[in-house]
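Biologist: I would like to go through this structure and ask what lies behind the words used for it. Please show it first.

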Amino acid sequence: MDEELNTTYVTLDGYIEVNKYRYVYFCIIFTLYIIIICSNSTIVYVIWIHKNLHEPMYIFIAALLLNCLLCITSVYPKLLIDFLSEKQVITYSACLFQFFIFYTLGSSELFLLAAMAYDRYVAICKPLEYPTIMNKTTVSIFLVVSWLIPAFHIAVQAIASAEATLCNFNLKGIFCNNAVYTLQCVRSRLIIVFGVVTLIDLIILPLLFIVFTYTNIFIISYQSCKEIRKKAAETCLPHLLVLISISCLSIYDVSIARVESDFPKIARFLMTLQIVLYHPLFNPFIYGLKMKEISKQLKRFFCHIGSKIYLHNL
């Protein structure tokens, strides 16, 4: 009983007319969640079962899609529960855990895109050295670093937030994102300083590395033959499209903690939904359609499934 009394609850105050449209919201989000799970999982499965796709570039794509699946799973189940609930509440400890998982996995995407950029740089600019540089050990190091560094940075922010005194218990959002900082009476110096460090380490540096790497790729490709330019365009374009998507949504998400009541509630609601909808849907279609080898194997996979269903119905 004492434990229940000591539990701090936070109201998720970012929903728009949830009582009126709860079943509409639920059906839309549930349908999209299933589509996201199926589309991302299918590509990961295709990469897993085909040995010719067991190359660094495709391994990083599978890791990115798997990372995306885990990230949205930290948000969607709670969203679906909230749509059917009379009150949209969450304990502060659960809120911080959601914050930790969401931002750890979200930040990992930029590191994985940086690893992909380096992989393309070596493949296009140093093709003879590619098997030596991008070996299993290098790929494993990239994957471990992509998850461990963000986890450390976000853990510091989450632990510091757990110790903070709260003066507000209404979160202007539909899940626990950067808006959790607006609940605190005073943001501690540790959160402010380490927030800047996190911004530099997890967003700015990976973005600068990616931009620098692709700039070199395009310079060398431009100076090379038509075949090299075509290869660079085919393999780099999907990564750049995903990067632009992440960058735009990251800019909004980073700034949302600094925006108070002046920001319209409906605009905040729609933008927050885009963070958890647009990107997870965008990734599998970009990689499934734009990556030639994945697209080819997907067609074979669906043809095989279709023929099995047809034979079963005969």
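Modeller: Phenylalanine 142 has a relative accessibility of 25%, so it counts as partly exposed. The model is a predicted one.

Biologist: What makes 25% partly exposed for phenylalanine 142?

Modeller: Buried requires under 20% and exposed requires over 50%, with partly exposed in between. The 25% of phenylalanine 142 falls in that middle range, so the residue is partly exposed. Tyrosine 118, at 24%, is partly exposed because its value falls there as well.

Biologist: Why is the pair of tyrosine 118 and phenylalanine 142 called tilted?

Modeller: Their ring centres are 5.7 Å apart and the planes stand at 55 degrees. Stacked needs under 30 degrees and edge-to-face needs over 60, so 55 degrees leaves the word tilted. Tyrosine 118 is in helix α5 and phenylalanine 142 in helix α7, 24 residues apart, and the pair links these distant parts of the chain.

Biologist: What makes the pair of phenylalanine 60 and phenylalanine 142 edge-to-face?

Modeller: The structure has 13 aromatic pairs. In the pair of phenylalanine 60 and phenylalanine 142, the centres are 6.1 Å apart and the planes meet at 75 degrees, so it is edge-to-face. The cut-offs are centres within 6.5 Å and planes over 60 degrees. Because phenylalanine 60 is in helix α3 (residues 56-73) and phenylalanine 142 in helix α7 (residues 136-163), the pair ties together parts 82 residues apart in sequence. Phenylalanine 60 has a relative accessible area of 0%, which makes it buried.

Biologist: How do you know that cysteine 95 and cysteine 176 form a disulfide?

Modeller: Their sulfur atoms are 1.9 Å apart. The limit is within 2.5 Å, so the pair qualifies. Cysteine 95 lies in helix α5 and cysteine 176 in the loop between β3 (170-171) and α8 (189-223), 81 residues apart. Cysteine 95 is buried at 0% relative accessibility, and cysteine 176 is also buried at 0%.

Biologist: How many disulfides does a search of the whole structure find?

Modeller: It finds two. Cysteine 167 and cysteine 185 form a disulfide with their sulfur atoms 1.7 Å apart. Cysteine 167 is in the loop between α7 and β3, and cysteine 185 is in the loop between β3 and α8, 18 residues apart. Cysteine 167 is exposed at 55%, while cysteine 185 is partly exposed at 32%. With the bonded cysteines numbered in sequence order, the pairing is 1-3, 2-4.

Biologist: What makes glutamate 86 and arginine 22 a salt bridge?

Modeller: The N to O distance between their side chains is 4.0 Å. A salt bridge needs a distance within 4 Å, so the pair is counted. Glutamate 86 is in the loop between α4 (76-83) and β2 (89-91), arginine 22 is in helix α2 (residues 18-49), and they are 64 residues apart. Glutamate 86 is exposed at 64%, whereas arginine 22 is buried at 8%.

Biologist: How many salt bridges does the search of the whole structure find?

Modeller: It finds four. One of them joins aspartate 82 to lysine 78, with the closest N and O atoms 2.8 Å apart. Both residues lie in helix α4, four residues apart, about one turn of the helix. Aspartate 82 is buried at 1% relative accessibility.

Biologist: Why is glutamine 98 called buried?

Modeller: Its relative accessibility is 6%, and buried means under 20%, so glutamine 98 is buried. Glutamine 98 lies in helix α5. The residues that glutamine 98 touches include Ser74, Phe175 and Cys176, leaving aside residues up to four places away in sequence.

Biologist: How far should the coordinates be trusted?

Modeller: The mean pLDDT of the chain is 82, and 87% of its residues reach 70 or more. Over residues 1-5 the pLDDT is below 50, and this stretch has zero contacts in the model beyond near neighbours in sequence. Where pLDDT is low, the predicted coordinates should not be read in detail.

Definitions and conventions. Residues numbered from 1 in each chain as written. Predicted model: local features only at pLDDT ≥ 70, side-chain atom pairs only at ≥ 80, totals over all residues. Heavy atoms only, no water. Helix = DSSP H or I, 4+ residues; strand = E, 2+ residues; numbered from the N terminus. Buried < 20%, exposed > 50% of the residue type's maximum accessible area, 1.4 Å probe, protein only. Contact = heavy atoms within 4.5 Å. Phe/Tyr/Trp six-rings, centres within 6.5 Å; stacked < 30°, edge-to-face > 60°. pLDDT = per-residue confidence, 0-100.
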